[in-house]
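Hi everyone, thanks for coming. I'd like to walk you through one structure today, and you can follow along on the screen.

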There are 2 protein chains.
Amino acid sequence: MNKRLNAQMAFLMEADKLKQIIRGTTLASGARYENSGEHSWHIALYALVLGEDAPDNVNIDRVIRMLLLHDLVEIDAGDAPIFGNHDATEMAEKETAAADRIFGLLPPDQATSFRALWDEFEAAETPDARFAKSLDRFQPPNQNLASGGGSWIEYNTQFDQFEARVGNKIKRGAPWLWDWLQPKAAAWFETRGKR
Amino acid sequence: MNKRLNAQMAFLMEADKLKQIIRGTTLASGARYENSGEHSWHIALYALVLGEDAPDNVNIDRVIRMLLLHDLVEIDAGDAPIFGNHDATEMAEKETAAADRIFGLLPPDQATSFRALWDEFEAAETPDARFAKSLDRFQPPNQNLASGGGSWIEYNTQFDQFEARVGNKIKRGAPWLWDWLQPKAAAWFETRGKR
């Protein structure tokens with residue numbers, strides 16, 4: 001019993017470090033950059049609030065579990081801002097090694113089941129993972145709109161880049177959220193182009 | 001559809017402010033104080049990892065939903081550090097008014113169901129709420145132990161206060177976690193007394 005609980009607590013104490021991984025997006029207020037711990041909480045809340053519109057074959061509690069775990073690999077691999085330039089293959093290798101190490105802190109049966117949930121999220125093929133990925137992409141632009149541009153300004157993002165890297169991922173798992181966001185984002189990019 | 005989604009998004013954007021509510025506990029590294037958004041994520045992860053030992057009548061997915069919502073009232077009411085002195089009646093009034101306003105941003109049916117979950121957490125009478133409350137009390141002392149004392153030093157906390165305000169709440173919903181923590185905490189207080 002204690003050996004198992006010791007392993008679980010080692011994992012939970014390691015997880016604490018996700019609060020110090022800084023993302024490319026700011027808070028809605030623009031006061032500071034967001035960290036990956038609070039981001040994970042926020043999109044789990046998005047799933048709880050917006051899950052009612054997901055297809056019937058999406059299990060929201062499973063999506064929430066996935067979202068609680070989805071960024072833990074960043075403790076070792078760091079966050080790769082969506083509009084930044086990074087080597088996708090190298091990043092995937094770093095994240096796989098991070099998953100091995102971090103989930104490996106858990107008792108073996110739990111390590112296996114958490115890892116399977118993270119692998120499913122990364123593959124983005126099941127209905128749960130597609131919806132989870134959509135929420136992960138849908139939250140940051142809302143914070144950019146609230147803060148007056150945020151990472152779009154910092155990375156000098158163009159609307160077609162935004163549509164390709166963010167819009168298409170939102171559309172895949174939650175097209176109705178893209179329908180809601182698209183005109184708001186398009187208006188921002190249109191106005192920015194005229195400044 | 002848009003009216004409903006607009007209300008849900010107003011709630012989710014308001015929730016972003018929880019990331020700027022500062023708690024009395026630091027991160028495990030001691031680098032800075034923890035905020036209530038990342039704290040909410042962390043204890044939802046505690047529920048996911050440690051839920052297997054909860055009594056059979058505890059529904060972990062429901063506990064996770066409760067924990068995602070439990071601190072939102074702090075956006076208006078602020079965080080009351082556990083070893084600080086505050087007027088409990090006044091705090092409860094502030095939190096009730098905060099719950100009215102914040103959950104009230106949601107569409108009425110969702111406002112009602114989220115509010116019911118928060119009321120259940122606050123009352124701490126059902127098995128789900130008791131387990132959720134235990135995790136909310138169990139996480140901070142682990143961060144204090146990791147950082148070398150944290151809020152125990154800041155508030156000059158004595159072991160009997162710790163046992164009364166924290167230990168008894170952990171015991172109520174998760175006695176096995178208190179059994180694990182108690183000797184570690186007792187050793188810290190014992191050593192501190194001799195410095």
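Let me start with a term we need: two rings of Phe, Tyr or Trp, taking the six-membered ring of Trp, pair up if their centres lie within 6.5 Å, and planes over 60 degrees apart make the pair edge-to-face. Also, please keep in mind that this is a predicted model.

So, how many aromatic pairs are there over all chains? A search of the whole structure turns up 26. Let me show you one of them. B:Phe138 and B:Trp180 have ring centres 6.1 Å apart and planes at 65 degrees, so we call the pair edge-to-face. Now look at where those two sit: B:Phe138 is in helix H7 of chain B and B:Trp180 is in helix H10 of chain B, so the pair ties together parts that are 42 residues apart in sequence.

Okay, on to charges. Side chains of opposite charge can pair when their charged atoms come close. Over all chains, the count comes to 34 salt bridges. Take B:Asp61 and A:Arg65, which form a salt bridge with their closest N and O atoms 2.8 Å apart. B:Asp61 belongs to helix H3 of chain B, and A:Arg65 to helix H3 of chain A, residues 60–69, so this pair joins two chains.

That brings us to the place where the chains meet. How much area do chain B and chain A bury between them? About 4600 Å², with 67% of it on carbon and sulfur atoms. The contact draws on 53 residues from chain B and 53 residues from chain A.

Between chain B and chain A we count six salt bridges. Here's another salt bridge to find on screen: the side chains of A:Glu34 and B:Lys19, at 2.7 Å from N to O. There are also 30 residue pairs in polar contact between chain B and chain A, both residues being at pLDDT 80 or more.

Which elements of chain B give two or more residues to the side touching chain A? They include helix H1 (2–15), strand E2 (33–35), helix H2 (36–50) and helix H3 (60–69). H2(B) gives the most, with eleven residues. If you sort the residues on that side of chain B, you get 30 nonpolar, 13 polar and ten charged.

Next, how do the two copies relate? Rotate chain B by 180 degrees, with 0.0 Å of shift along the axis, and it superposes on chain A with an RMSD of 0.0 Å. That is the relation of a two-fold axis. The same surface serves both copies, and 100% of the contact residues of chain B recur in chain A.

One last stop, the backbone. Most residues other than glycine have a negative phi. A:Asn156, though, has a positive phi near 50 degrees, and sits in the loop between helix H8 (151–154) and helix H9 (159–173) of chain A. Over in chain B, B:Asn156 has a positive phi of about 45 degrees, and this residue is in the loop between helix H8 and helix H9 of chain B.

Note on methods:
Residues are numbered from 1 along each chain as its sequence is written. Chains are lettered from A and ligands numbered from 1 in the order in which they are written. This is a predicted model: local features need pLDDT of at least 70, side-chain atom pairs count only at pLDDT 80 or more; totals for chains, interfaces and linings use all residues. Side-chain values use heavy atoms; hydrogens and water are left out. Contact means heavy atoms within 4.5 Å. Buried area is the accessible area (1.4 Å probe) that two parts lose on being put together, summed over both. A salt bridge is a side-chain nitrogen of Lys or Arg within 4 Å of a carboxyl oxygen of Asp or Glu. A polar contact is a pair of N or O atoms within 3.5 Å; within protein, one must be able to donate a hydrogen and the other to accept it, and residues adjacent in sequence count only if both atoms are side-chain atoms. Helices (H or I, at least four residues) and strands (E, at least two) are DSSP runs, numbered from the N terminus. Ala, Val, Leu, Ile, Met, Phe, Trp, Tyr, Cys and Pro count as nonpolar, Asp, Glu, Lys and Arg as charged, and the others, Gly among them, as polar. Copies are superposed by least squares on the C-alpha atoms of residues with pLDDT of at least 70 in both. Rings of Phe, Tyr and Trp (its six-membered ring) pair if their centres lie within 6.5 Å; planes under 30 degrees apart count as stacked, over 60 as edge-to-face and the rest as tilted.
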